[in-house]
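Please examine the sequence and the model displayed below.

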Amino acid sequence: MSFKLLTSHLNTNEDIFTDDEYIFKISKKGISKKILAERSYYEFISYIAKRYSRFYPVYLGYEVVSGKNLIKLEYLKNYKTLSYLLLNERITSIQCEKIVQDVVSILAKFSLLKQKGSGVNFFEKLYTNRVFERMLIMEENSFYRKLNNSKCIVINKKKYSNIRSTFENFISNKSYIEILIDGQSPSFFHGDLHFENILINSNLNIKFVDPNGRISGLLSYDVGKILHSLIGKYDLIQNYKYTIKILNNNMFYFSVGRNLQIEALQKIYLGKLGSTFETKFVMQSYFACWCHMISLIPHHLNNRGNQALAFYFQTLEVGQIFLDKFNKYIKFSY
């Protein structure tokens, strides 16, 4: 039986193979903690929370072979990632409506499976603490350390404060943090719900793949992760569809290529969020998106084409979008 490599994760200790019948996620060396966590996740939905298993490929087992661990999953042959469909195929507005309706409906169902723990602890673990950990990694690179110490960054003639000072200034206000935490409680979640991990077939059936491995989290985390694929333009930047020009010291030109399908999906998604969830929760999800954008930058530092810098610039814009939304919320709610 021959195996072919589908994906090799650069930032994790795992490869994904198929024999055209099953998927095998196998550690590159030793025992992968990520695969262990994913095993627990799939066993949870297979044996305890069975009603959620239909949103995922069928879990077929776990084993250790030659010192490497692996999980075996159903091979979703006729499914494509939402990222691929948006970038390479034609999706009608009606199809976009159904995709968004189903994804938001699934996430709403996730929120019903409450988990133990404190919303405060999850907020710190998933957002604030994680952001600072990733910024320290980012700043091991001298260029980004200098950027995060700059008083002003000018992009397309618009002035921004650097990521670190903007984030630190915001979260130093305890009343702001209280607003962001208010009403958030742990529930079942996916943990890495970007468009590469949402699979769709010709009948528009949806499957989620590659969960983070944590069973418990905040719903705003998943909702915000999808936002980072929309307002964060993750898939476009990931596929190098952007232009960067260094004009002068801390002065840059930056643009991301347009994709009308992503823009259409964004409009529908934001509308659906507004009609499904309270305004405060939507605003909390924008904060989650901002945190996701900051946290992903270090993972792209060694990629070609100044990709990490593109994510840095887009993160500045996402941060401004969130802050504008938050200030508007404060103005009209308090």
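The structure is a predicted model, in which local features require pLDDT of at least 70 and side-chain atom pairs count only at pLDDT 80 or more, whereas totals for chains, interfaces and linings use all residues. Residues are numbered from 1 along each chain as its sequence is written, and side-chain values use heavy atoms, with hydrogens and water left out.

Two packed helices are described by the angle between their axes and the distance between the axes. Helices (H or I, at least four residues) and strands (E, at least two) are DSSP runs numbered from the N terminus; axes are lines fitted to C-alpha atoms, for helices over the stretch in contact, and angles run from 0 to 180 degrees between N-to-C directions.

Helix 11, residues 279–296, packs against helix 12, residues 307–333, at an angle of about 160°, and their axes lie 9 Å apart. Helix 11 is therefore roughly antiparallel to helix 12 (angles under 35 degrees count as roughly parallel, over 145 as roughly antiparallel, 65 to 115 as roughly perpendicular and the rest as oblique). The crossing of helix 11 with helix 12 is left-handed, a term used if the near helix is turned anticlockwise from the far one by less than a right angle, with right-handed used if clockwise. Contact means heavy atoms within 4.5 Å; the residues that make it include Met 283, Phe 287 and Trp 290 of helix 11 and Phe 311, Val 318 and Phe 322 of helix 12. The residues of this contact comprise 15 nonpolar, four polar and two charged, where Ala, Val, Leu, Ile, Met, Phe, Trp, Tyr, Cys and Pro count as nonpolar, Asp, Glu, Lys and Arg as charged, and the others, Gly among them, as polar.

Helix 11 also meets helix 6: their axes come within 12 Å and cross at roughly 145°, and the crossing is left-handed.

Thr 166 lies in helix 6, residues 163–171, and is buried, with a relative accessible area of 19% (buried means under 20% relative accessible area, exposed over 50%, partly exposed in between, with a 1.4 Å probe and protein chains only). A polar atom of its side chain lies 2.8 Å from the backbone oxygen of Asn 162 and 3.5 Å from that of Ser 161.

His 292 belongs to helix 11 and counts as buried at 1% relative accessibility. A polar atom of the His 292 side chain lies 3.0 Å from the backbone oxygen of Tyr 221. Beyond its neighbours within four places in sequence, His 292 is in contact with Arg 130, Tyr 221, Gly 224, Lys 225 and His 228.

Asn 203, by contrast, is exposed, at 56% relative accessibility. Asn 203 is located in the loop between strand 10 (198–200) and strand 11 (206–208). Asn 203 and Gln 95 are 108 residues apart in sequence, and their C-alpha atoms are 9.8 Å apart in space.

Terms used. Polar contact = N/O pair within 3.5 Å; in protein donor to acceptor, adjacent residues only side chain to side chain.
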